[in-house]
Amino acid sequence: MGTDKPGKVQAIAIMSLVSGILSVIVGISWLMAGLSWLIVGVVFTIVPAAYLMITGILNIVYASKMIGSTVSVLAPAKYLAILDIVSVLFCNFVPMVLGIINLVFYADPEVEGFFQKRAASITI
């Protein structure tokens, strides 16, 4: 089942992994910046830090399920691409670009067909 994986699906997995790692790094830097500003800084940086770290962890988990010869994901995670685009609000520009590219790749007929075949292969 994993041998017919299109190249764009592998690209989505790699971009999700890169986006997740960068989001976690930027989230930690937001948290460290807030800690350096003491109490006031933590209040204003806890939301961006939490958002970026949660988004990063979700991206890393999703990418780890898609990288390799077998894909254990049944449906595209378009919500992760949208979360990456929204992360531009917290000065996280690279995941924004990767999120846009992921959405474009998700709309590709070859990728849609891959996920439809995966969903149809599940028996109840």
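Is the crossing of helix 2 and helix 3 left-handed or right-handed? In this predicted model, the crossing of helix 2 and helix 3 is left-handed; the term applies if the near helix is turned anticlockwise from the far one by less than a right angle, and right-handed applies if clockwise. The protein has 5 helices and 0 strands, where helices (H or I, at least four residues) and strands (E, at least two) are DSSP runs numbered from the N terminus.

Basis of the values

- Residues are numbered from 1 along each chain as its sequence is written, and side-chain values use heavy atoms, with hydrogens and water left out.
- Local features of the predicted model need pLDDT of at least 70, and side-chain atom pairs count only at pLDDT 80 or more, whereas totals for chains, interfaces and linings use all residues.

Overall architecture

- Along the sequence the pattern is α-α-α-α-α, and the C-alpha atoms fill a box of roughly 55 × 25 × 20 Å along the principal axes.
- Of the 124 residues, 37% count as buried, that is, under 20% relative accessible area, with exposed set at over 50% and partly exposed in between (1.4 Å probe, protein chains only).
- Among contacts (heavy atoms within 4.5 Å) with a separation of 6 or more, 72% are between residues 24 or more positions apart.

Helix 2 against helix 3

- The axes of helix 2 and helix 3 (residues 78–86) come within 10 Å and cross at roughly 145°; axes are lines fitted to C-alpha atoms, for helices over the stretch in contact, with angles from 0 to 180 degrees between N-to-C directions.
- Helix 2 contributes Tyr51, Thr55, Leu58, Asn59 and Tyr62 to this contact, and helix 3 contributes Leu80, Leu83, Asp84 and Val86.
- By class, the contact comprises 6 nonpolar, 2 polar and 1 charged residues.

Thr55

- Thr55 lies in helix 2 and counts as buried because its relative accessibility is 2%.
- The side chain of Thr55 reaches the backbone oxygen of Tyr51 at 2.8 Å.
- Apart from neighbours within four places in sequence, Thr55 is in contact with Leu83 and Asp84.

- Leaving aside neighbours within four places in sequence, Tyr62 is in contact with residues including Ile12, Val73, Leu80, Tyr106 and Phe115.

Terms used:
Ala, Val, Leu, Ile, Met, Phe, Trp, Tyr, Cys and Pro count as nonpolar, Asp, Glu, Lys and Arg as charged, and the others, Gly among them, as polar. A polar contact is a pair of N or O atoms within 3.5 Å; within protein, one must be able to donate a hydrogen and the other to accept it, and residues adjacent in sequence count only if both atoms are side-chain atoms.
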